[in-house]
Amino acid sequence: MGTVARVLCVPNEGGFFVDDQAAIRAGAVHDGSRYLGLPLTPGFTAIREPAAAVSVLLVLADGQVAIGDCVTVQYAGVGGRDRVLDAAAAIADISRYVAPLLVGRSLSSFRELAEAVEALRPDGAPLSAAVRYGVSQALLDAVARAGRCTMAEVIRSEYGTGAALVPVRIFAQSGDERHSAVDKMVLKSVDALPHGLINNVEEKLGRDGELLAEYVSWLRDRILTVRTDASYHPRLHIDTYGTVGLALGADVELVADYLVSLGKLADPFPLRIEHPVDTGARDSQIEFYVLLRAALASRSPRVELVVDEWCNTLEDIRLFTSAGAADVIHVKTPDLGGIGNTAEGLLLARSAGLAAYCGGSCNDTDISARVCAQVAMACEADQVLARPGMGLDEGVMIVRNEMRRTAALAGLPAAFR
């Protein structure tokens with residue numbers, strides 16, 4: 001097996017922007033590609049800022065270079081998540097703490113190396129999730145290169161998933177282009193759509209939920225109009241960023257009735273609603289979602305509940321899954337830190353009988369998107385997010401192509417690697 005000879009860091013760019021969710025939910029005015037007003041969340045200097053990234057380059061003893069990218073999610077600093085990525089601070093931490101740990105280390109086990117990085121506690125706290133995310137991607141790439149196999153095969157072997165390594169369903173996000181992007185999604189036969197970015201009550205949900213209801217009705221009709229194959233039957237998946245609760249309050253029965261009304265409008269397509277209510281803390285979020293899931297299960301047509309905010313770490317995922325506090329667990333890759341945690345999170349959700357969604361962020365890069373695609377395959381995720389960016393075409397292409405290439409390579413005898 002090879003070894004790590006050198007660790008380099010390059011300040012880079014994420015796939016989209018970081019947005020101050022608190023300011024947007026409070027009514028910040030959307031002006032073109034920017035938001036007007038002052039930020040509310042610590043770490044932001046404006047409500048919308050270009051996303052930063054840090055590329056971690058592991059130069060191997062044989063001259064190969066393995067790459068991973070550190071990023072944070074679009075809505076950093078809320079819902080229990082880390083602050084916005086500070087590239088200079090991340091590079092300093094990698095140089096000071098990670099490089100001495102990795103240089104000279106054998107590339108015989110990804111899991112062992114990734115867990116060593118996870119265990120680092122400078123100043124008594126773990127390294128940021130962004131740093132652990134990028135470093136672990138590079139380690140997974142390095143171990144795969146040393147073993148002359150795909151990253152998916154490394155995960156399958158070291159985590160004992162037994163996966164067939166075939167492409168999984170892809171979920172595309174529209175951003176604010178929630179109407180114009182749908183035609184592209186349908187024409188490209190995307191498996192789940194459109195995300196929708198329903199992050200403001202007045203502009204996108206409606207004070208009584210009427211704007212989202214109109215949108216779901218339009219979405220159903222548009223799919224039926226645009227699709228060219230009657231067998232194309234996508235899943236509708238809409239992220240509401242807690243706005244349902246802001247509009248209707250934290251009344252379980254009222255929220256359930258509203259979500260079921262959306263399910264009737266979506267028929268014949270199945271509907272998933274992500275983060276309808278934000279209770280402001282993990283434990284209360286679990287309690288509310290247990291009740292809401294039970295209320296939804298007793299109604300028809302059934303709407304599936306997707307958890308996102310307050311489910312950021314492996315411990316969070318264990319608590320949500322053991323409580324049965326969702327139908328779908330959004331394993332949000334940058335929030336979990338090391339990519340090995342993504343694998344464990346997906347497997348936890350599956351073992352609990354819940355749908356394991358390998359999500360992530362529009363701020364992912366081409367590198368992190370490709371790594372996550374392989375991990376999703378290795379863990380037989382229910383679906384994987386198309387990323388980076390909000391351009392749709394690029395993210396769908398990058399993730400789908402990576403899964404297809406990986407499936408082809410995984411089927412080759414070792415002699416041809």
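Modeller: What follows is a short tour of strands, rings and a few side chains.

Modeller: Please keep in mind that this is a predicted model, in which local features need pLDDT of at least 70, side-chain atom pairs count only at pLDDT 80 or more, and totals for chains, interfaces and linings use all residues. Residues are numbered from 1 along each chain as its sequence is written, and side-chain values use heavy atoms, with hydrogens and water left out.

Biologist: Fine. What is the strand order in the open sheet of 3 strands?

Modeller: The order is 1-4-5, with antiparallel pairing; helices (H or I, at least four residues) and strands (E, at least two) are DSSP runs numbered from the N terminus, and two strands pair if DSSP finds at least two bridges between them.

Biologist: Which strands stand at the edges?

Modeller: Strand 1 (4–19) and strand 5 (65–70) do, each with a single partner strand, so one side of each is left without a neighbour in the sheet. From one strand to the next the twist averages 20°.

Biologist: How many bridges join strand 4 to strand 5?

Modeller: There are 6 bridges between strand 4 (residues 48–60) and strand 5, which run antiparallel, and Val59 has Val65 in strand 5 as its bridge partner.

Biologist: Which helix lies across strand 4 and strand 5?

Modeller: That is helix 4 (residues 129–147), which runs at about 160° to strand 5; axes are lines fitted to C-alpha atoms, for helices over the stretch in contact (heavy atoms within 4.5 Å), and angles run from 0 to 180 degrees between N-to-C directions.

Biologist: Changing topic, how many aromatic pairs are there?

Modeller: The structure holds 5 aromatic pairs, where rings of Phe, Tyr and Trp (its six-membered ring) pair if their centres lie within 6.5 Å, and planes under 30 degrees apart count as stacked, over 60 as edge-to-face and the rest as tilted. One of them is Tyr75 with Tyr241, which is edge-to-face at 5.0 Å centre to centre with 65° between the planes.

Biologist: Where do Tyr75 and Tyr241 sit in the chain?

Modeller: Tyr75 is in the loop between strand 5 and helix 2 (87–102), and Tyr241 is in the loop between strand 8 (235–239) and helix 9 (243–248), so the pair links distant parts of the chain, 166 residues apart. Tyr75 is buried, with a relative accessible area of 3%, and Tyr241 also counts as buried at 4%; buried means under 20% relative accessible area, exposed over 50%, and partly exposed in between (1.4 Å probe, protein chains only).

Biologist: What about Tyr215 and Trp218, stacked or edge-to-face?

Modeller: They are stacked, at 5.9 Å centre to centre with 20° between the planes. Being 3 residues apart in helix 8 (residues 210–226), they are separated by about one helical turn. Tyr215 counts as buried at 5% relative accessibility, whereas Trp218 at 27% counts as partly exposed.

Biologist: Which strands does strand 8 pair with?

Modeller: Strand 7 (residues 192–195) pairs with strand 8 in the parallel sense over 4 bridges, with Pro194 partnered by His237. Strand 9 (residues 271–274) is also joined to strand 8 by 4 bridges and runs parallel, and there Leu236 stands opposite Leu271.
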